[in-house]
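Me: Please examine the following model with me, in questions and answers.

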Amino acid sequence: MASQMNVRRSAGQRQSQRSGAGPCIVASYRLTHHRGANATPYGQACLAIRVQEQRREQSLLMCRSTPVEAPAAPAAEAPTADADPASMDIRVGKIVKVEKHPEADSLYVEQIDVGEPEPRTIVSGLVKFVPVEEMQDRKVIVLCNLKARNMRGIKSNGMVLCASNDAHDVVEPLAPPAEAPVGERVYFGEAGKTQAAPAEPNRVQKKKLWEAVQPLLKTDSEATARFKDDVMFTSAGPVRAASLKGATIA
């Protein structure tokens, strides 16, 4: 006698649930069969196949009904700090020794006195713009509270601030007055004489303080260095570029 099977859904066992994102369907089945349906190996095989098909259908129903969560939006970057030039440690320096970088034709390696017990080693990309003999013993303006950076194998402990045109094919180191004391910290505007202590290098990097200040540093129509409308001063007078007007300072 041929085997017969009848598959029916169990009463009260089919449920439909809803969540905030969409329906979730859970189905359960009970297999019933006539007497002798699984008495033979063939009948048992047919029963096993039917069970597998029902489980596959149930899995598909679950997959289709389960809501797909949208990917999480990337975390917003922390806002940069307000631009405050007083957070920067910008000083008058004097180059006491200069030579070309042994591994980079465009770089100078300078020893700069900024009023500390030992000169700072600073690497600058000025070879194409200023002859080496003009760099020796030159007074410059140095940004001192940046974290040290490796420049082709040599750690640079600061930055010589320069004015440059838009094409960046003319670059001039900012020049303090000749009488400005080495190591003196510059200030911006008359109110800047009472400026607070500068930020530590770790804070400058973490809070992107220099990135906030730098875009607002320019030379004016007389090549005088300014932060917004405030002139960059030393005790001996303002800081200037040699000739560049309306130029970027970095």
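Me: Among contacts between residues at least 6 apart in sequence, what percentage joins residues at least 24 apart?

Reply: A contact here means heavy atoms within 4.5 Å. This is a predicted model, in which local features need pLDDT of at least 70, side-chain atom pairs count only at pLDDT 80 or more, and totals for chains, interfaces and linings use all residues. Residues are numbered from 1 along each chain as its sequence is written, and side-chain values use heavy atoms, with hydrogens and water left out. Among contacts between residues at least 6 apart, the share joining residues at least 24 apart is 63%.

Me: How many helices and strands are there in the protein?

Reply: Both are DSSP runs numbered from the N terminus, helices being H or I of at least four residues and strands E of at least two. On that basis the protein has 4 helices and 19 strands.

Me: What percentage of the residues in the protein is buried?

Reply: Buried means under 20% relative accessible area, exposed over 50%, and partly exposed in between, with a 1.4 Å probe and protein chains only. The protein has 250 residues, and the buried share of them is 35%.

Me: Which residue in β7 stands opposite E110?

Reply: Strand β6 (residues 108–113) and β7 pair in the antiparallel sense over 5 bridges. They form a hairpin with 6 residues between them, and G115 in the turn has a positive phi of about 85°. Strand β7 (residues 120–124) has 4 of its 5 residues buried. Y108 stands opposite S124 in β7, and the residue opposite E110 is I122.

Me: How many aromatic pairs does the structure hold, and why is the pair of F188 and F227 edge-to-face?

Reply: Rings of Phe, Tyr and Trp (its six-membered ring) pair if their centres lie within 6.5 Å; planes under 30 degrees apart count as stacked, over 60 as edge-to-face and the rest as tilted. The structure holds 2 aromatic pairs. For F188 and F227 the ring centres are 6.1 Å apart and the planes are at 65°, so the pair is edge-to-face.

Me: Is S164 buried or exposed?

Reply: S164 is placed in strand β12 (residues 162–164). Its side chain makes a polar contact (a pair of N or O atoms within 3.5 Å; within protein, one must be able to donate a hydrogen and the other to accept it, and residues adjacent in sequence count only if both atoms are side-chain atoms) with the side chain of H168 at 3.5 Å. Because its relative accessibility is 11%, S164 counts as buried.

Note on methods:
Pairing = 2+ DSSP bridges.
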